Amino acid sequence: GTTVNALSNYDSGLETATCTGLSQPGGDVAYSVVLAASTAYTFTLTGVDPNLDPSISLVGPGAAAVCDVDPVNCLAGADAGALGENETLHVTTTAAGTYYVIVDSFDTATSGTFTVKVTSP
């Protein structure tokens with residue numbers, strides 16, 4: 001994926017302590033993924049461009065409109081790294097359905113490419 005030329009659609013709600021803990025005003029993109037109930041998942045951003053300071057968050061389950069709420073209801077998020085560093089998010093779902101992975105940026109001046117990987121033990 002990439003945040004190059006992406007708009008800043010999500011920020012409010014991602015800065016909470018239960019999400020990334022930091023404001024995310026940079027360009028962002030969202031991906032939908034169907035997840036099972038009561039299952040542990042790991043979401044990993046790898047191959048992060050050295051010009052990107054990414055974060056990863058999870059919203060849902062529900063229709064795409066759950067991403068339109070302001071502030072978004074972030075279930076969990078991670079922003080532990082800096083420029084070019086990978087991010088990892090661990091979540092156990094409570095309900096089955098369509099969730100949305102938001103890849104955002106801590107800084108409006110950073111953007112770049114990455115790979116999103118979803119795994120479950």
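Modeller: Two strands pair if DSSP finds at least two bridges between them, and the strands themselves (E, at least two residues), like helices (H or I, at least four residues), are DSSP runs numbered from the N terminus. This is a predicted model, in which local features need pLDDT of at least 70, side-chain atom pairs count only at pLDDT 80 or more, and totals for chains, interfaces and linings use all residues. Residues are numbered from 1 along each chain as its sequence is written, while side-chain values use heavy atoms, with hydrogens and water left out.

Colleague: How many helices and how many strands are there in the protein?

Modeller: Read from the N terminus on, the elements run β-β-β-β-β-β-β. The count for the protein is 0 helices and 7 strands.

Colleague: In which order do the strands of the open sheet of 4 strands stand?

Modeller: β1 and β4 stand at the edges, each with a single partner strand, so one side of each is left without a neighbour in the sheet. Within the sheet, β3 and β4 pair in the antiparallel sense over 4 bridges, and isoleucine 56 stands opposite alanine 78 in β4. Neighbouring strands are turned by 25 degrees against each other on average, direction ignored, where axes are lines fitted to C-alpha atoms (for helices over the stretch in contact) and angles run from 0 to 180 degrees between N-to-C directions. The pairing is antiparallel, and the order is β1-β6-β3-β4.

Colleague: And what is the order in the open sheet of 3 strands?

Modeller: Here the edge strands are β5 and β7, each of which pairs on one side only, and the twist averages 15 degrees from one strand to the next. With antiparallel pairing, the order is β5-β2-β7.

Colleague: How many of the 7 residues of strand β2 are buried?

Modeller: Buried means under 20% relative accessible area, against over 50% for exposed and partly exposed in between, with a 1.4 Å probe and protein chains only. Of the 121 residues of the protein, 43% count as buried. Strand β2 (residues 40-46) is mostly covered, and its number of buried residues is 5.

Colleague: How many residues has the largest nonpolar core?

Modeller: A nonpolar core is a set of buried Ala, Val, Leu, Ile, Met, Phe, Trp, Tyr and Cys residues joined through side-chain atoms within 4.5 Å. In the largest one, the residues with the most contacts inside it are Phe43, Ile56, Leu58, Leu89, Val101 and Phe114, and elements that give two or more residues to it include β1 (29-35), β3 (54-59) and β6 (97-105). A second, separate core of 9 residues includes Leu14, Cys19, Val59 and Tyr100. The size of the largest core is 18 residues.

Colleague: Which residue forms a disulfide with cysteine 19?

Modeller: A disulfide is a pair of cysteine sulfur atoms within 2.5 Å, and the sulfur of cysteine 67 is 11 Å from the closest cysteine sulfur, too far for a bond. The structure holds 1 disulfide, whose sulfur atoms are 2.0 Å apart and which is right-handed, with 70 degrees about the S-S bond. One member lies in the segment before β1 and the other in strand β4, so the pair ties together parts that are 55 residues apart in sequence. At 6% relative accessibility, cysteine 19 counts as buried, and its partner in the disulfide is cysteine 74.
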